[in-house]
Amino acid sequence: MKKSLWVSLMLVLVSSIVLSACSGGKTENNGTSPSTGADSSSSVSASPEPTGPVEMTFFAPQGKAPLEDNDYTKLVEKKFNVKIKWDLAPADALVDRRQLLLASGDYPEVFLEGKFKNSDVMTYGKQGVLIPLNDLIEKYAPNLKAMMEKKPYLTEAMTAPDGNIYGIPRLNECYHCTFSQKYWMNKEWLDKVGLPVPTTTDELYTVLKAFKTKDPNGNGKADEIPLTGAPNKSVWNGNIDAFLMNSFIYNDNDKYLTLTDGKVDFAPNKPEWKEGLAFMHKLYKEGLIDKASFTQNDQAVGQLGNREGDEIVGSITTALLSYLLNVWDDKITRHQHWVIVPPLKGPQGVQIAGISQGLGEFPFVITNKASEAQQIAAIKIADYAYSEEGALYSEYSPNEGIGWNKAQPGEKNNDGQQAKYSFENLKKLDETVVRNDSWSLLGPKDMSKEFRDSFASAQDPLSSKGYERRLALATKEYEPYAPKEFYPASAYIRPEDTDASAQLATSIKDYVLSNMAQFILGNKDLDKDWDSYVKGFDGLNLAKYIEIYQAAIQKN
């Protein structure tokens, strides 16, 4: 199942700020409709508008301020003639509370933020707990429908194998998140040792060796750390293999799946993976990789980069340079001489950028508790956030001057084009008062690249306000090296495979990570222990793991 690069880029994505070409509150209802599944129990007939407010309950995470008093809540209640009762749960217990509600049978009409995964919507959709939304989208969601037509991958991600749409995602296309397995390097040190930014793994070895032996910080001490990192759970893509392994074989840094002509395979038991481990072991053995890279957390990384006195770090693998260096204070300039290192060409010519995907969850679903009037009102609220006006108000505030401003002539976006909206010159608010004017990242909405790109961004990428543009420019260096095929995050695992896939994914990933560390550190010998390591996957039922993910992308 092939994915084109452009489709791939219109993903996930998660982080930034900015807006689209959809019109304000209403959009013309034209184009083809989403497919309707066979058991489309949500078929909605035309009915008169209710005379009084439609009352219904929304499930959502507990925030710092009451959602019933929220400015955006009040706006949608008035706009769509509804009264929302809130059933709230702590954010860290959201899924547990959701499961308890579903198990008890006493669940709300709408989950506004329920963290439903593909397998969840399939399971509860087949049980009849979640209603298909196809007809509702066709009749009452022109903005969402237009976005689905504009971005076919969105329709594909939303449509379950049975043809039904059970949930609506938040379209969060964070461009710099797309290629987040990045590598940053100290250009001042490169200049000191007289070397260019490396383009191959051999050149990288030469650079790191020079960082180690040529005293690039000039203090006469052997205190330089050529390459540092941290476990992915602490620093986003901070594990050193996230970047380096892609010079040997594709590493998605999660499920470790590869895709060739639609055939699913597994990377960590291949000879190319072994070659990548051998390269990283060589770096570690010669003292070029920080020993703490396998254990330290984000705070330790920040202390390394921001310590007073001489700079001691030469490079880091991570999505965000801000983990290592303070980029938010314009009085601190150390980060300014750091540069992005594009994907390196390995000894066999492999040169790939790890790609990330979003749309892994569906915040919004409607349950079979909802009446026809509640269904219509709920889908209209979700659809409004897919209009330009609704997305702006939902995410940033209905209040111009507080959450956003119209951009002034000359204010430009990340691409250097005239912006439409800006965060400059906003009214200063009392910092002791919790803002309660938007839903922020709550519920489905249009956070597409087009939406994000309608906001102004500081044009100096080395300034504190220009960090977002710096990340965007760095990402452009990775885009040409996107894999031709990769496993789609939006694939629907069969309901009968849900438990097995979760158990296998956890055990296999733990096995890969623990052995990777042992091979890199030298606690295991690649020549002596590789075969037994590969054999170990048989006991973890790797064949079943691959079979499950292959079945998930087979067309019905």
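These notebook entries record what I looked up in the structure.

**Entry 1. Ground rules**

I worked from a predicted model, in which local features need pLDDT of at least 70 and side-chain atom pairs count only at pLDDT 80 or more, while totals for chains, interfaces and linings use all residues. Residues are numbered from 1 along each chain as its sequence is written, and side-chain values use heavy atoms, with hydrogens and water left out. I took helices (H or I, at least four residues) and strands (E, at least two) as DSSP runs, numbered from the N terminus.

I began with strand β1, residues 54–61. Seven of its eight residues are buried, where buried means under 20% relative accessible area, exposed over 50%, and partly exposed in between (1.4 Å probe, protein chains only). I then asked which strands pair with β1; two strands pair if DSSP finds at least two bridges between them. Strand β2 (residues 82–89) runs parallel to β1 and is joined to it over eight bridges. In this pairing I found E55 opposite K83 of β2. Strand β3 (residues 110–111) is also parallel to β1, with two bridges, and here F59 faces F111.

Together with helix α2 (residues 71–80), they make a right-handed β-α-β unit. A crossover is called right-handed if, with the strands pointing away from the viewer, the path from the first strand over the helix to the second runs clockwise.

**Entry 2. Salt bridges**

I next asked how many salt bridges the whole structure holds. The search finds 25, each being a side-chain nitrogen of Lys or Arg within 4 Å of a carboxyl oxygen of Asp or Glu.

I looked up K151 and E173, whose side chains meet at 3.3 Å, N to O. K151 lies in the loop between α6 (142–150) and α7 (152–158), and E173 in the loop between β5 (171–172) and α8 (175–178), so the pair links distant parts of the chain, 22 residues apart. Both K151 and E173 are buried. I recorded that these two belong to a network of salt bridges that also includes K150 and E450.

A second pair is K445 and E395, with the closest N and O atoms 3.0 Å apart. K445 is in the loop between β14 (421–422) and β15 (446–447), whereas E395 is in helix α15 (residues 388–396), 50 residues apart. K445 counts as buried because its relative accessibility is 0%. E395 is likewise buried, at 9%.

Because they are three residues apart in helix α20 (residues 542–552), about one helical turn separates them. K544 is partly exposed, at 26%, and E547 is partly exposed, at 42%.

**Entry 3. Residue D497**

Finally I asked where D497 sits. Its place is the loop between α17 (467–476) and α18 (498–521). D497 is buried, since its relative accessibility is 4%. Apart from neighbours within four places in sequence, D497 is in contact (heavy atoms within 4.5 Å) with K544 and I548.

The side chains of D497 and R494 are joined by a polar contact of 2.6 Å. A polar contact is a pair of N or O atoms within 3.5 Å; within protein, one must be able to donate a hydrogen and the other to accept it, and residues adjacent in sequence count only if both atoms are side-chain atoms.
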